[in-house]
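My entries follow in the order in which I made them.

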Amino acid sequence: MRTYDVAPLFRSSVGFDRLLDLLSQAERAEATAAWPPYNIEKVAEDEYRITMAVAGFTSDEIELTQHATALVVSGQKKSQESERHYLHRGIAARTFRQTFNLAEHVRVTGAALENGLLTVDLKREVPEALKPHRIAIDGTQAALGQDNAPAQVEDRVKAA
């Protein structure tokens, strides 16, 4: 794998810290991050789904946590009261921790565990204030959130 030096980008960009940190983090990704296997799919324009193969785990042995722009999926098998004697053990029951970096305004809308597959539904919900809006030219429409009404000030001066 090639390594890229992103240091020059830090010197010539402003506000892209998170993106550059993600690039640096991708270089350090561990090989064990591939277990358990997972898919990431785009379901609709602003909807996504992560599907993880977690055979042998129950819903109370898996924990999902979203903190800001990070989704952490971790699983830990509970100790089995009766020790089993395996002749062959092909189903992995080891603990795992998988972190997914989410874009801003992406949140988890649901999760389900069925037939050994954990599905996590995600949706991007951009606040109305951050969506693009049309700006009037030549003052034909007052800007949102501004009240430039000098008449109120003049009325107070006349009253005094």
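**Entry 1: Glu-61 and Lys-77.** I looked up Glu-61 and found a salt bridge to Lys-77, with the closest N and O atoms 3.4 Å apart. For a salt bridge I require a side-chain nitrogen of Lys or Arg within 4 Å of a carboxyl oxygen of Asp or Glu. The pair links distant parts of the chain: Glu-61 is in the loop between E2 and E3, Lys-77 in the loop between E4 and E5, and they are 16 residues apart. Helices (H or I, at least four residues) and strands (E, at least two) are taken as DSSP runs, numbered from the N terminus. I then checked accessibility, where buried means under 20% relative accessible area, exposed over 50%, and partly exposed in between (1.4 Å probe, protein chains only). Glu-61 is buried at 11%, whereas Lys-77 is partly exposed at 25%.

**Entry 2: basis of the values.** This is a predicted model, in which local features need pLDDT of at least 70 and side-chain atom pairs count only at pLDDT 80 or more, while totals for chains, interfaces and linings use all residues. Residues are numbered from 1 along each chain as its sequence is written, and side-chain values use heavy atoms, with hydrogens and water left out.

**Entry 3: Lys-77 again.** I asked which ring Lys-77 lies over. The ring is that of Phe-57, with Lys-77 over its face at 5.4 Å from the ring centre. The criterion for a charge over a ring is NZ of Lys or CZ of Arg within 6 Å of the ring centre and within 35 degrees of the ring normal.

**Entry 4: Asp-60 and Lys-78.** I looked up Asp-60 and found a salt bridge to Lys-78, the closest N and O atoms being 2.9 Å apart. Asp-60 is in the loop between E2 and strand E3 (62-67) and Lys-78 in the loop between strand E4 (70-75) and strand E5 (96-101), so this pair ties together parts 18 residues apart in sequence. Lys-78 is partly exposed, at 48% relative accessible area.

**Entry 5: Arg-49 and Asp-121.** I counted 4 salt bridges in the structure. One of them joins the side chains of Arg-49 and Asp-121, at 2.7 Å from N to O. Because Arg-49 lies in strand E2 (residues 47-53) and Asp-121 in strand E7 (residues 117-124), the pair ties together parts that are 72 residues apart in sequence. Arg-49 is partly exposed at 27%, and Asp-121 is partly exposed at 23%.

**Entry 6: the sheet.** I asked in what order the strands of the open sheet run. The sheet has 4 strands in the order E1-E2-E7-E6, with antiparallel pairing. Two strands are taken to pair if DSSP finds at least two bridges between them. E1 and strand E6 (106-114) are the edge strands, each pairing on one side only. From one strand to the next the twist averages 20°; axes are lines fitted to C-alpha atoms, for helices over the stretch in contact, and angles run from 0 to 180 degrees between N-to-C directions. E2 and E7 pair in the antiparallel sense over 7 bridges. Tyr-48 stands opposite Leu-122 in E7.

**Entry 7: aromatic pairs.** I found 2 aromatic pairs in the structure. The ring centres of Tyr-38 and Phe-100 are 5.1 Å apart and the planes stand at 90°, so the pair is edge-to-face. Rings of Phe, Tyr and Trp (its six-membered ring) pair if their centres lie within 6.5 Å; planes under 30 degrees apart count as stacked, over 60 as edge-to-face and the rest as tilted. Tyr-38 is in strand E1 (residues 38-44) and Phe-100 in strand E5, 62 residues apart. Tyr-38 is partly exposed at 33%, while Phe-100 is buried at 6%. Phe-57 and Phe-96 also pair edge-to-face, at 5.3 Å centre to centre and 85° between the planes. Phe-57 is in the loop between E2 and E3 and Phe-96 in strand E5, so this pair ties together parts 39 residues apart in sequence. Both Phe-57 and Phe-96 are buried.

**Entry 8: the whole chain.** I noted 3 helices and 7 strands in the protein chain, following the pattern α-α-β-β-β-β-β-β-β-α along the sequence. Of its 160 residues, 16% count as buried.
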